[in-house]
Amino acid sequence: MTEETKIYRLSEVEQHKDRSSTWIVINNSVYDVTSFLEEHPGGEEVLLEKAGGDSTEDFEDVGHSTDARTLMEKYKIGELHEEDRFEQKSKEESAPATNSRCCII
């Protein structure tokens, strides 16, 4: 039996932008990171700053590890509605600079 993916409107995501309920969008997937705030190696402020909106560019710019990307699946709650999806940059445009810092998550 296959579980159906939950679809969220951007207006729903925008309502979850504080410490009590923190949702972010990365690559048009919706994540509830509320329980991850205190564990985030970059500090909870980084997540709260982008809460309720798209964090794709910031997430990709940091150069998150494979482990971080795997861990994300634990917090994924659905996908952004087709009409609300953010345009994604090409790989060349979003590739991190060669001298950029990298972190675990």
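**Close-up views of the predicted model**

At 9% relative accessibility, tryptophan 23 is buried (under 20% relative accessible area; exposed is over 50%, partly exposed in between; 1.4 Å probe, protein chains only). This is a predicted model, in which local features need pLDDT of at least 70 and side-chain atom pairs pLDDT 80 or more, while totals for chains, interfaces and linings use all residues. Residues are numbered from 1 along each chain as its sequence is written, and side-chain values use heavy atoms, without hydrogens or water.

**View 1. Tyrosine 8 and tryptophan 23 form an aromatic pair.** The structure holds two aromatic pairs (ring centres of Phe, Tyr or the six-membered ring of Trp within 6.5 Å; stacked under 30 degrees between planes, edge-to-face over 60, the rest tilted). This one is edge-to-face, with 5.0 Å centre to centre and 70° between the planes. It links distant parts of the chain: tyrosine 8 belongs to strand 1 (residues 7-8) and tryptophan 23 to strand 3 (residues 21-26), 15 residues apart. Strands (E, at least two residues) and helices (H or I, at least four) are DSSP runs numbered from the N terminus. Tyrosine 8 is buried, at 10% relative accessible area. Lysine 6 lies over the face of tyrosine 8, 5.2 Å from the ring centre (NZ of Lys or CZ of Arg within 6 Å of the centre and within 35 degrees of the ring normal).

**View 2. Phenylalanine 36 and tyrosine 75 form a tilted aromatic pair.** Their centres are 5.2 Å apart, with 45° between the planes. Phenylalanine 36 sits in the loop between strand 4 (29-32) and helix 2 (44-50). Tyrosine 75 sits in the loop between helix 4 (66-72) and strand 5 (76-80), 39 residues apart from phenylalanine 36. Both residues are buried.

**View 3. Ten residues make up the largest nonpolar core.** Such a core is a set of buried Ala, Val, Leu, Ile, Met, Phe, Trp, Tyr and Cys residues joined through side-chain atoms within 4.5 Å. Its members include Ile24, Tyr31, Phe36, Leu37, Phe59 and Tyr75. Apart from it lies another core, of seven residues, among them Tyr8, Val13, Val25 and Leu80.

**View 4. Asparagine 27 and asparagine 28 have positive phi.** Most residues other than glycine have a negative phi. Phi is about 50° at asparagine 27 and about 65° at asparagine 28. Asparagine 27 is partly exposed, at 37% relative accessibility. Asparagine 28 is buried, at 5%.
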